[in-house]
Amino acid sequence: MTGPADGPAVVCVDGGQGGEVAGTWSASLEWLVRRLAPRFPQLRFGEVKYRVKSWRKLDWCVEDARAAVRVLAAPRAVLVGFSMGGAVATQAADEPGVETVVGLAPWLPDRLPLDALHGRRLRVLHGTLDRWLPGIPGVSPAGSRAAFERARALGVEGEYTLIPGALHGIAVRAHWGRAFPLPRAAAWARLVGEELTRLQAG
């Protein structure tokens with residue numbers, strides 16, 4: 001957690017994989033928080049570390065995200081979900097206080113229900129160069145766009161933005177541990193910052 005002990009909160013949820021492995025900290029979310037927290041000193045940032053970070057245990061990941069929202073106990077909150085974390089965030093969106101879900105290159109398969117977004121705002125950000133390649137994780141922008149349109153059909157308000165030239169992810173972790181930005185990272189940060197400005201302004 002980063003920031004003051006009370007006030008609005010930003011709950012960050014990481015991506016996952018097929019294999020059932022222990023949760024880790026996200027380089028993309030870590031870099032994003034490091035970049036944005038000084039700009040929003042009134043906001044509290046919390047990052048979820050899953051027990052198991054796998055879409056085969058998606059229900060566990062959702063439980064972990066819900067637990068984080070409850071621990072922070074913020075009167076108002078934004079869920080920021082990267083990749084599989086986008087799916088997790090949409091399922092935990094009905095927690096009290098959650099106002100907005102921000103999906104960063106979110107994995108939102110057709111079978112995923114979006115009912116928990118009722119009464120919330122959905123902002124989806126996706127890189128135009130994001131795609132799955134052998135050995136390289138990725139999520140097609142067409143998939144997140146289709147899910148966004150499904151949410152809109154349910155009456156969910158929101159906005160969908162493509163980031164030209166952006167890949168899947170905002171940062172990578174160097175072998176010595178520090179997160180370093182990928183191309184277009186500043187654009188991701190600027191757009192997420194727009195949503196945090198909305199949260200901070202009330």
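Arg 34 is partly exposed, with a relative accessible area of 34%; here buried means under 20% relative accessible area, exposed over 50% and partly exposed in between, with a 1.4 Å probe and protein chains only. This arginine sits in helix α1, where helices (H or I, at least four residues) and strands (E, at least two) are DSSP runs, numbered from the N terminus. Not counting residues up to four places away in sequence, Arg 34 touches Arg 178 and Ala 179, contact being defined as heavy atoms within 4.5 Å. Arg 34 and Ala 179 are 145 residues apart along the chain, and their C-alpha atoms are separated by 9.7 Å.

The structure is a predicted model, in which local features need pLDDT of at least 70 and side-chain atom pairs count only at pLDDT 80 or more, while totals for chains, interfaces and linings use all residues. Residues are numbered from 1 along each chain as its sequence is written, and side-chain values use heavy atoms, with hydrogens and water left out.

Turning to the overall fold, the protein chain holds five helices and eight strands. Read from the N terminus, these elements follow the order β-α-β-α-β-α-β-β-α-β-β-β-α. The C-alpha trace spans about 45 × 45 × 35 Å along its principal axes. For 202 residues, a compact globule would have a radius of gyration near 17 Å, and the 15 Å of the protein chain agrees with this; the radius is taken over C-alpha atoms, and the globule rule is 2.2 Å times the number of residues to the power 0.38. Buried residues account for 54% of the 202 residues. Among contacts between residues at least 6 apart in sequence, 67% join residues at least 24 apart. The accessible surface comes to about 9100 Å², of which 56% belongs to carbon and sulfur atoms; such areas come from the Shrake-Rupley method with a 1.4 Å probe, and for residues only the protein chains shown count as cover.

Helix α1 (residues 27-36) also packs against another helix. Its axis and that of helix α5 (residues 185-201) come within 10 Å and cross at roughly 65°; axes are lines fitted to C-alpha atoms, for helices over the stretch in contact, and angles run from 0 to 180 degrees between N-to-C directions. The crossing of α1 and α5 is right-handed, a term used if the near helix is turned clockwise from the far one by less than a right angle, with left-handed for anticlockwise. On the α1 side, Trp 31, Leu 32, Arg 35 and Leu 36 take part, and they meet Ala 185, Ala 186, Trp 188, Ala 189, Val 192, Gly 193 and Leu 196 of α5. By class, this contact has nine nonpolar, one polar and one charged residues. In this scheme Ala, Val, Leu, Ile, Met, Phe, Trp, Tyr, Cys and Pro count as nonpolar, Asp, Glu, Lys and Arg as charged, and the others, Gly among them, as polar.

Leu 58, Cys 61, Val 62, Ala 65 and Arg 66 of α2 make the contact with Met 84, Ala 87, Val 88, Gln 91 and Ala 92 of α3. Eight nonpolar, one polar and one charged residues make up the contact of α2 with α3.

Several loop residues deserve a look. Pro 109, in the loop between β4 (98-104) and β5 (121-127), is buried, with a relative accessible area of 13%. Pro 109 and Ala 87 are 22 residues apart in sequence and 8.1 Å apart in space, C-alpha to C-alpha. His 168 lies in the loop between β6 (157-163) and β7 (171-173) and is likewise buried, at a relative accessible area of 16%. Leaving aside neighbours within four places in sequence, the contacts of His 168 include Phe 82, Ser 83, Asp 130 and Leu 182. His 168 and Phe 82 are 86 residues apart in sequence, with 9.3 Å from C-alpha to C-alpha.

Backbone angles complete the picture. Most residues other than glycine have a negative phi. Ala 73, in the loop between α2 and β3 (77-82), has a positive phi near 50° and is exposed, with a relative accessible area of 56%. Arg 184, in the loop between β8 (179-181) and α5, has a positive phi of about 75° and is partly exposed, at 40% relative accessible area.
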